[in-house]
Amino acid sequence: GTDASQLVPYIEGKKHITLPTYFIIADDQDTSLLEHFDNAANGGELCANLTFLGRSGIKDVRGISVAFLSGVYDSDRFNGIDNTTTTASSNKFASYYQQ
């Protein structure tokens with residue numbers, strides 16, 4: 001889902017995640033849960049067994065190197081094209097991706 005409020009019971013310790021879980025975020029998802037971190041781009045553990053990997057990089061996850069890249073590819077932005085007709089959904093959580 002795209003609603004970070006579903007994670008609140010886990011972060012507050014009311015519910016528990018039994019298996020180690022690692023995740024990234026696309027640009028259409030609620031990034032408010034990342035306010036938990038001093039530097040969200042680097043990721044970190046939200047609660048026991050729930051780890052946000054970060055914006056991009058390579059991390060060791062239980063002995064395996066994992067490459068990851070959060071977000072959604074936008075060819076105009078990648079190619080430096082000024083597209084001032086962005087949609088509300090593309091700007092919804094833009095602050096996380098502009099840090």
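Leaving aside neighbours within four places in sequence, which residues is threonine 51 in contact with?

What we have here is a predicted model, where local features need pLDDT of at least 70 and side-chain atom pairs count only at pLDDT 80 or more, while totals for chains, interfaces and linings use all residues. Residues are numbered from 1 along each chain as its sequence is written, and side-chain values use heavy atoms, with hydrogens and water left out.

Let's begin with the open sheet: it has 3 strands in the order S1-S3-S2, with mixed pairing.

S2 and S3, residues 50-52, pair in the antiparallel sense over 3 bridges. There, cysteine 47 has leucine 50 in S3 as its bridge partner.

Now back to threonine 51, which sits in strand S3. Threonine 51 is buried, with a relative accessible area of 18%; buried means under 20%, using a 1.4 Å probe and protein chains only. Its contacts are Thr21, Tyr22, Phe23, Gly44 and Glu45, contact meaning heavy atoms within 4.5 Å.

Last stop, the hairpin: S4 and S5 have 2 residues between them, and arginine 62 in the turn has a positive phi of about 55°. S4 (56-61) and S5 (64-69) pair in the antiparallel sense over 6 bridges, with serine 56 opposite leucine 69 in S5.

Technical notes: Two strands pair if DSSP finds at least two bridges between them. Helices (H or I, at least four residues) and strands (E, at least two) are DSSP runs, numbered from the N terminus. Buried means under 20% relative accessible area, exposed over 50%, partly exposed in between (1.4 Å probe, protein chains only).
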